[in-house]
Amino acid sequence: MTRRLQTEILVIGGGATGVGIAWDAALRGFDVILVEKRDLTHGTTGRYHGLLHSGGRYVVKDPQSARECIAENRILRRTHPHCIEDTGGFFVVTPEDEGEYPDRFVQACAETGVPCEEIALREAFRREPLLNRRISRVFEVPDGAADSFLATHVTAQAARQAGARILTYHEVTGLLLRGPEGAREVVGARVEDLAGGETLEIHATMTINATGAWAGQIARMAGLTVEVIPGKGVMVAMNHRLVNTVINRCKMPADGDILVPIHTVSVIGTTDVRVPDPEHYGIEPWEVALMLAEGDKLVPGLSRARAVRAWAGVRPLYQEGYTGASREATRQFTLLDHARRDGVQGLLTIIGGKWTTFRLMAEKTVDKACEYLGTRQPCQTATTQVPGAEQGHYWLGHRLHEVEEHELHGDLVCECELVTRAMLENAVYRNPTLTLDDLRRDLRLGMGPCQGGFCTYRAVGILHEMRERAGEAGGEVDRSDWEVAYMQSPAHNRSLPPPSSLPLALSSPNLLLRDFLQERWKGVRPILWGRQLKQEMLDSLIYLSLMNVDHLPDAGLTSPMTAFYEQDAGDVGETEAGV
Amino acid sequence: MFTESWQSVGPSLDECIKCNICTAYCPVAAVTDRFPGPKYAGPQAQRFRENGQPHAPDRSVDYCSGCRVCNEVCPTGVKIAELNARARAQMVAEQGIPLRNRLLGRNELLGKLGSLAPRLANLGLHNHVSRVMAEKVVGIAREAPLPRFSEEGTFGSWMKRTAGERLRSDRKVVYFHGCATMYYEPFVGKATVVVLEHLGYEVIVPPQNCCGLPLLSNGEFGAARRYHEGNLHKLVPYAQQGYEIVGSSTSCTLTLKEEAPELLDMFDEESEELKLAVWDVFEWLRERYRQGELPTDFKPLPMVLPYHPPCQYRAHRVGRPAAELLALIPGLDVRVSTARCCGIAGTYGYKREKYQIGMDVGAELFEFVREQGREVRMTACDSETCRWQLEHGTGLPSRHPIEVLAAAYGLYDLERREPRGV
Amino acid sequence: MREIPDLLVIGAGLSGLMAAYEAAEAGLRVKVIAKGLGSMHWSAGTVDVLGYAAGDKAVSMPLQELEGLQAVAPHHPYVVAGAEAVTEALSRFVALAKELGLPYEGAEEPGRNLWLPSPVGAARPVYLAPQGQRYGDLALAEPIVVVGFEGLRDFYPWVIAENLRKQGHRARGTVLPFALLSERRDANTVQLAQELDELKRVVTLARALKEVVEPGERVGLPALVGLDRHGRAMEVLQEELGTRVFEIPTLPPSVPGMRLYRALRSDLEGRGVEVEIGMEAVGYEAKEENGGFRRLLWVETATSARPLKHRARAFLLATGGLLGGGFDSNHEGRVWERVFDLPLAMPQNREDWFRPKFLDPAGHPVFQGGVSVDREFRPVSPEGKRLFANLWAAGNGLRDCDGIRERSREGIAIVTGIAAARSILVALRREKHVH
């Protein structure tokens with residue numbers, strides 16, 4: 001049986017942009033449904049280094065992007081303060097970055113309105129003692145670090161509070177089309193509920209394709225061609241904060257030129273390699289080596305520090321008619337109005353841009369939708385705070401501080417990232433959870449040095465125990481309004497009575513275990529040497545020697561994510577380096 | 001704050017594989033919930049601290065006693081105790097230092113003051129009323145084993161008084177006595193001097209100041225740096241002339257060698273020169289023994305002697321040389337303790353809120369001493385505060401092993417704690 | 001001049017301590033140095049000899065697999081030692097463990113693996129189990145009640161029970177209040193085990209267990225039933241309950257492993273073996289000798305200042321591999337042995353170190369590399385040439401074994417530790433004879 005839903009606006013894609021659109025549209029009074037084939041932020045939003053741009057990176061190359069960035073930077077600091085750490089940023093001139101770029105940079109900052117101040121070297125080294133002492137000039141800009149998981153979650157909560165429905169693990173399998181060739185109209189989408197196994201038909205007046213690097217695939221369902229330039233960027237997280245300020249090279253954007261302190265780690269990024277498929281790509285050894293070598297130019301010795309993980313995201317770059325290298329493609333966003341562009345009604349595609357400008361992209365998209373839907377409600381997102389904003393800016397010590405104040409040491413499940421049992425339970429009760437990877441995005445579970453070595457087992461045990469005890473006390477939690485604003489706060493999460501039923505597939509602990517072990521393995525494998533290799537061997541000892549996880553029952557069970565975790569980077573074939 | 005560098009203790013957090021061995025062996029976490037354990041307070045919490053924080057996010061690290069058992073058992077080489085000491089310094093830098101910790105950190109100054117009128121000072125300090133006052137006003141536990149000022153004059157005054165009797169020789173060694181020997185236990189210094197002279201060395205006692213450890217463990221890094229610089233200034237010239245510098249207080253020698261440079265990020269040439277010249281007295285004596293230079297004209301000392309190699313000694317990572325050499329003494333039955341810590345950990349056990357923790361930690365050691373039988377008359381330990389704690393916890397007198405060695409050479413009266421006339 | 005030790009063992013894991021025991025027992029003067037503690041504190045405390053052979057084949061009679069091993073892994077430490085040495089070393093361990101008051105037992109049918117419940121309820125192949133774990137034997141018929149404690153983060157009885165049921169065993173899970181174990185809010189398994197060294201607490205626990213155990217059930221508890229007085233605690237529980245009680249191992253730190261380590265170490269110290277922890281070997285000195293060998297004079301360890309020299313007649317490297325800290329590796333794909341820079345049989349290219357799946361039944365090649373030794377457990381060059389006249393190697397740093405995947409870590413440690421010690425004995429005796 002196919003269930004039928006009706007809405008005004010259907011948003012496809014649960015990244016920052018899609019969720020931003022749902023929020024914006026719901027605030028303007030539209031009836032909205034958002035579908036995401038996996039968890040929120042599974043795509044590029046959850047796979048970037050976490051930079052809140054000041055715009056500095058683009059002042060010379062892409063002044064329009066720079067202007068947008070600084071404007072949005074100021075807005076997001078007000079609307080999403082708890083998702084942002086006010087790290088500040090440096091643009092540094094290393095011996096290799098000589099030439100006239102630094103002066104052009106200063107000039108361009110002035111022209112684009114990006115605040116930029118040259119600071120004394122002594123001051124820079126006092127603040128960042130590990131910086132390369134051969135750096136000759138340092139400019140300070142208002143960069144920041146953003147938690148894109150939390151930001152997207154709380155934006156989704158804000159959207160839900162405004163009436164939007166958000167369906168994760170709902171994959172679009174086809175667009176609902178009406179009308180003959182030449183007068184075609186998109187009237188919604190056919191959607192598969194991957195967890196529940198149900199098929200839905202969602203009928204919508206306007207369908208918005210906000211699937212980023214996957215936008216071409218959705219457009220193709222309407223017979224349209226949208227040539228996304230999937231630019232893969234590899235990032236390596238170092239085990240702790242080598243710096244507390246975002247460090248950029250003061251030169252034209254290139255590989256490995258940025259070091260972002262985010263939560264407990266520092267992320268060196270990125271490469272930019274055009275890949276054939278946003279879903280299937282590997283992390284090549286040369287990419288990791290390049291990140292380390294470039295990182296050494298910012299912080300000498302970085303390559304000998306402990307790397308904790310590597311990952312890649314695919315930039316959804318778009319430039320009508322462009323076929324060159326992804327690094328050179330514009331960072332601006334593009335809104336494709338398929339009615340005007342292709343003569344297909346009822347479909348908009350928003351593509352390109354960057355996390356920092358997600359709100360602006362949403363605003364422009366909903367503005368366009370308004371034109372078709374015949375209302376002229378003004379956008380409210382620039383002046384509306386999302387839930388949890390009262391917490392103020394994030395600061396690195398906040399979890400430790402709360403654990404200490406409330407003496408929660410004994411309740412820690414993930415000791416590396418300070419996740420308590422109650423945080424874990426509440427994250428499951430209060431928002432849909434299918435895999436431990438979802439909880440990782442919610443809570444940072446398993447993101448520390450041991451990469452799940454200890455907490456994977458504990459989380460599986462606790463989730464299973466929750467299922468065993470569900471209904472014992474019968475406390476029903478209303479999950480229609482996900483509570484995620486304080487999800488990351490140890491102090492604000494106290495144990496709730498177990499609800500009468502638990503969501504989704506918490507059914508097989510063995511599957512949860514295997515999936516998460518493989519998911520963590522995928523991201524450590526490219527950086528396994530030295531201390532992280534030793535760590536991984538201890539983790540292997542725990543899960544093989546001690547637990548015998550590789551000989552548990554239910555070996556054949558799979559989740560919607562299993563194939564993705566198991567996908568072998570080695571089988572992907574050649575990527576087009578620098579093409 | 002203090003400059004972070006790759007040599008510094010901070011990056012050692014990267015060595016941690018979270019295996020929890022340190023927590024399993026931590027003597028403090030074993031007896032109290034107030035300290036969540038070395039892994040938590042060290043490499044784990046450190047990732048949430050880093051330099052330039054708006055404020056120190058954690059307080060429980062103050063319950064680390066600094067005993068370094070964690071460093072000893074860690075299979076990967078995290079400098080846990082040092083990370084904790086750093087974190088405490090950050091707290092001090094932000095929140096200021098309680099008067100109590102200022103006092104405990106300045107035993108040299110206290111020693112100087114007390115030694116002006118030691119009898120009066122002892123009377124003033126060691127009575128019930130003033131101890132209650134001290135606990136109430138400054139937070140020094142009333143039961144804690146505070147030392148007594150030497151009423152027979154300081155070690156320095158003894159050296160002066162006996163200058164004519166001291167051995168002159170071509171072979172010379174520099175002696176670092178430390179504050180406790182200077183003001184509270186001059187007899188330890190005397191025993192050291194007579195032993196060194198027995199080996200044929202002339203003992204040079206140059207001007208010196210406190211090694212700075214009490215300040216380091218109370219988070220006063222600025223003041224500790226001045227002390228260490230003072231010692232560099234006074235002692236490095238000897239090191240450069242090729243003299244070896246021998247100390248009888250094992251925590252002082254550890255500080256001069258390693259703790260001060262590591263905690264203060266002083267990796268300069270002078271600190272390195274000093275480090276390589278400094279020896280703990282038994283480490284140095286063992287070297288003489290290995291070279292065949294140690295006289296073995298021991299007189300029998302028939303007794304059972306429980307010996308506790310203190311935490312600071314183990315932190316030197318030179319083994320248990322005192323136990324090795326005492327074992328050469330005929331009749332002496334040395335029983336080496338495997339207890340982790342006596343609980344005092346420098347100044348830790350003096351603090352009102354930590355006194356009981358210190359005693360609970362020490363229980364393992366006190367029990368060990370009791371197990372050695374009723375005939376045990378005294379114990380031995382290389383560290384002064386540990387000896388005081390041992391005496392407090394067992395009711396038995398405690399001696400520095402150098403006193404025992406001196407006695408075995410017939411140079412020292414172990415009961416009265418003074419050199420015998422030669 | 002003080003006599004130098006006959007044997008310096010570098011590493012205080014199971015292989016190092018077993019070698020020290022074997023050598024001390026034979027009258028050698030032995031000293032053990034180690035950077036820190038390890039290995040035994042991480043494992044289940046069982047002696048796993050061989051659980052899975054090539055192709056992930058479950059092994060029921062480990063000693064009968066040795067011949068097959070020869071074909072697929074000719075340099076495997078068991079093959080190097082030979083079947084007889086394997087059998088003998090294991091009996092030696094059983095005898096020692098009994099002497100230590102920490103008896104280990106195998107299956108009723110000699111030579112057969114036991115299958116014991118893991119912390120997630122999988123069946124672990126174990127050759128010798130400490131008495132405390134012995135009655136977890138899944139071949140026994142009695143139904144199991146797995147008892148956990150509220151809020152104990154390292155033990156989940158319901159998962160264990162559910163997986164045991166899925167494998168056809170009768171099992172259920174239940175929990176008791178945490179307060180039975182401790183008044184503390186924050187305690188790890190080692191600290192909890194120490195609480196159960198108190199008799200009063202064990203008796204209280206027994207009473208509470210009585211309330212939840214059904215007649216005929218055996219009781220599975222997390223492995224924290226006492227540290228130094230484990231034997232007594234188990235006896236009291238079984239007596240009070242009138243049923244079999246067994247432990248299921250937990251996440252590190254491992255209480256059963258720690259019991260074994262402490263018992264072994266104190267036994268060694270009783271035999272006059274010095275065991276020094278906190279000493280990291282950082283260098284060595286050797287001299288050229290006739291025949292192209294080099295003879296080790298001393299090994300140096302790091303101290304608070306200058307390196308400390310440890311002289312000995314013979315040296316045993318038992319520092320483990322990548323996990324134990326015997327090897328290090330870097331991002332350029334180099335893996336090296338840390339004390340002597342011994343040549344390692346190891347994939348040279350980082351791309352060849354791993355397989356794409358974490359749980360790949362074939363394991364990961366980098367975990368299988370290690371030091372090559374000859375039949376006397378002396379390190380050799382890739383050409384098979386002996387490198388030092390007085391250096392031996394033992395433990396999981398040897399090549400062509402993968403203790404974690406094979407479930408053979410303790411077996412390898414015990415067998416190679418004892419075999420190397422015997423080889424050292426022979427060599428030193430021969431030397432004495434010659435002099």
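**Notebook: ring pairs and nonpolar cores**

I searched the whole structure, a predicted model, and found 23 aromatic pairs over all chains, where rings of Phe, Tyr and Trp (its six-membered ring) pair if their centres lie within 6.5 Å, with planes under 30 degrees apart counted as stacked, over 60 as edge-to-face and the rest as tilted. I looked up Phe93(C) and Tyr104(C), whose ring centres are 5.0 Å apart with planes at 80°, so this pair is edge-to-face. Both Phe93(C) and Tyr104(C) are buried, that is, under 20% relative accessible area (1.4 Å probe, protein chains only), while exposed is over 50% and partly exposed lies in between.

I then took Phe354(C) and Phe367(C), with ring centres 6.3 Å apart and planes at 75°, so they are edge-to-face.

I turned next to the nonpolar cores, which are sets of buried Ala, Val, Leu, Ile, Met, Phe, Trp, Tyr and Cys residues joined through side-chain atoms within 4.5 Å. The largest core has 297 residues, and Ile9(A), Tyr543(A), Leu209(C), Leu316(C) and Phe340(C) have the most contacts inside it. I also recorded a second, separate core of 80 residues, including Cys210(B) and Leu232(B).

For my own reference, residues are numbered from 1 along each chain as its sequence is written, and chains are lettered from A and ligands numbered from 1 in the order in which they are written. In this predicted model local features need pLDDT of at least 70 and side-chain atom pairs count only at pLDDT 80 or more, while totals for chains, interfaces and linings use all residues, and side-chain values use heavy atoms, with hydrogens and water left out.
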